[in-house]
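The following note sets out points on the fold for a colleague's review. Please read it alongside the sequence and the coordinates.

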Amino acid sequence: AALARAEEREQEIHSFLSIDGESALKRAGEVQKQIEDGTLTGPLAGVPAGIKDNICTRGMKTTCASKILENYNPTYTAEAVQKLEQSGAVVIGKTNMDEFAMGSTTETSYFGVTRNPWNPCHVPGGSSGGSCAAVAAGECSFALGSDTGGSIRQPSSFCGVTGIKPTYGTVSRYGLIAYGSSLDQIGPVARDVTDCAAVLDVIAGHDNKDSTSVARGSYDFSGALIDDVKDMKIGIPRDYFGSGLDPEVKDAIVRAAKVLEEKGADVEEFDLGLVDYAIPAYYVIASAEASSNLSRFDGVKYGYRAEGYDGLHGMYKKTRTEGFGAEVKRRIMLGSFVLSSGYYDAYYLKALKVKALIKQAFDRAFERYDIILGPVAPTTAPKLSSSLDDPLHMYLGDIYTISVNLAGLPGMSVPAGYDSKGLPIGMQLIGGCYKEKDIIRAAYAFE
Ligand code: GLN
C-alpha cells in the first residue's frame, strides 16, 4: 500500500530520492513469515519506513542530497536503521533533504525540491522535508529525520506530522553523516505521538560506536502515553511571542496552551532570555563544525571527483567547486572564517560561551517547569523559492528551534491546527535533559 501510494504521489511531491520497492517487498515477505511463526513481534513489524538520505544504508545509495555523494554506496548501515530492521520495520527508500541538512526548505537538494503535500506551491520545510512530506502524504508510516537546528521539528510543523528530536546522546549517531556533530540527533517523524514513541523505543539506546552516546536507565518512551497532565507545570516563554511571530501561529499556540490548562496543567508565562543570541551562536558553531566535517569530501575517499584537473590541489578545488551547492559552500566559508586564527576567540569561542549561557537559562527554567511550550516556527510553510535568495531571512526562521540543540534538550513538534490558507501549524514542546517522557505525555494528552 505504501509503494502504491508513493507511485501515486511522488511525481508531484518528490519526497523520496530513491525507492527500492523490490527489496522492500522481499523484506516484507520475510517479516510476514517471522510474524506468522512467532519469531518476530512488536509494533514495528512489517511497518514501511523512509530514511533521510544522510543516514547510511548498506545496499542503498546515501547522497545527503549532494552531487558530491551522488553515487555513494555506504559499506555499513547506521545503528538506528539497524535497530529498526531488527524490529521488523521495512525500509522502502531514502528521503529528500537540504544538501548536507543545511537549509530550512528542502530546496537546496541537488536533486530538486520536495513539495508540501498540503499545498504543492509551498515548501515542506527542512532539512528533513522529504521525511515529513512522505509521512504526511501517506507514503510510509514513519520516517527517520535528523535535527541539528530544528530539522525534524520545523518540517513536521509545516507538514502537519509529529516529530521528536531526542536529548543529545539518546540515539546513536553512528552512520549519520555529520553536519554539526555536537548538535546532530536522529529522531522519528510519524503521524502521531503514539507512533513516534514506538519508533523512539526502538532506535534509542547506548552504542559503543558513538562516543557521545549515553547509557540511559529506561528507554520505555511509550510508557509515557497517558492521558493526564494534572499538575504538570508548563512554562511559556514570553520572549517567543514578539513581533516576528505570525498572529495565526500565535493564536494556535495560545489555544493549545488553553487545552492543556483545561486538562489540569499549570500554565504560566515567563522570561527565558537570550533568545536573540541563539541564531548567531548556532550559525557560528554549526558552520564551524560543518567546515571541519565536510573536509573529508575531497575527491579521494568518497563520491564525486572532478575530471580534467591540474595536480592534487587542483583536484580538491575543482571537485569541491563542482560537488557542493551554494548553501554548503557558504557554510564552509563561514565556518573556516570563524575558526581561523585571529577570529577564533572573537567568534567561535564567544559562540561557545553563549551556548553555555543558553543552557543555563533552560536549566533555570526547568527548575520551575516540567516542560516549555511555544511555537516551532514564526510562520507556516512559505511558498516555494521565496526563501532562497535571502539566506539570512531563512536563518531567522530557526529562532525557536535551535536553542534546543545548543542546550542538548529534547523537543517535539505536535500538530496544533491550521492557518487560514489551510496549512498546518505545529506547537513545540521542550523538555529537560532526558525528559522525553514529559513532552510525550503532554503531547498525548493534547492530541
Ligand atoms: N535550518 C537549520 C540549518 O540550516 C537546520 C539544520 C538542521 O537541523 N539540520 O542549519
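**Notes on the sheet, its helices and the core**

1. Strand E5 (residues 162-165) and strand E10 pair in the antiparallel sense over three bridges. Within this pairing, Lys165 stands opposite Gly411 in E10. Strands pair here if DSSP finds at least two bridges between them. Helices (H or I, at least four residues) and strands (E, at least two) are DSSP runs, numbered from the N terminus.

2. On provenance, this is a predicted model, in which local features need pLDDT of at least 70 and side-chain atom pairs count only at pLDDT 80 or more, while totals for chains, interfaces and linings use all residues. Residues are numbered from 1 along each chain as its sequence is written.

3. E10 is also joined to strand E11 (residues 424-431), by six bridges, and the two run antiparallel. Pro415 has Gly426 in E11 as its bridge partner. Five residues lie between the strands of this hairpin, and among them Gly422 takes a positive phi near 85°. Six of the eight residues of E10 (residues 411-418) are buried, so the strand is largely enclosed by the rest of the structure. A residue is buried if 20 or more other C-beta atoms lie within 10 Å of its own, exposed if 12 or fewer, and partly exposed in between, with C-beta atoms placed from the backbone.

4. The whole sheet is open and consists of 11 strands in the order E1-E3-E2-E4-E6-E5-E10-E11-E9-E7-E8, with mixed pairing. Strand E1 (16-19) and strand E8 (266-270) stand at the edges with a single partner strand each, so one side of each is left without a neighbour in the sheet. From one strand to the next, the twist averages 30°.

5. Elsewhere in the sheet, strand E4 (residues 142-147) and strand E6 (residues 185-190) run antiparallel and are joined by six bridges. Ser146 has Ile186 in E6 as its bridge partner. Helix H2 (residues 21-36) packs on the sheet and touches E1, strand E2 (48-52) and strand E3 (90-95), its direction making about 155° with that of E3. Axes are lines fitted to C-alpha atoms, for helices over the stretch in contact, and angles run from 0 to 180 degrees between N-to-C directions. Contact between two residues requires C-beta atoms, placed from the backbone, within 7 Å.

6. Helix H14 lies across E5, strand E9 (371-375), E10 and E11, running at about 145° to E11. Glu436 has its place in H14. Is Glu436 buried or exposed? Glu436 is buried, with 29 other C-beta atoms within 10 Å. Not counting residues up to four places away in sequence, Glu436 touches Ile164, Pro166, Thr167, Phe221, Pro410 and Gly431.

7. The axes of helix H7 (residues 247-262) and H14 (residues 436-446) come within 10 Å and cross at roughly 95°. That makes H7 roughly perpendicular to H14 (65 to 115 degrees). Ala256, Val259 and Leu260 in H7 meet Ala442, Ala445 and Phe446 in H14. The residues of this contact divide into six nonpolar, no polar and no charged; Ala, Val, Leu, Ile, Met, Phe, Trp, Tyr, Cys and Pro count as nonpolar, Asp, Glu, Lys and Arg as charged, and the others, Gly among them, as polar.

8. The largest nonpolar core has 130 residues, of which Ala49, Val135, Leu429 and Ala443 touch the most other members. Helix H8 (residues 275-293) gives the most to this core, with nine residues. Such a core is a set of buried Ala, Val, Leu, Ile, Met, Phe, Trp, Tyr and Cys residues joined through C-beta atoms within 7 Å.

Terms used:
Parallel < 35°, antiparallel > 145°, perpendicular 65-115°, else oblique.
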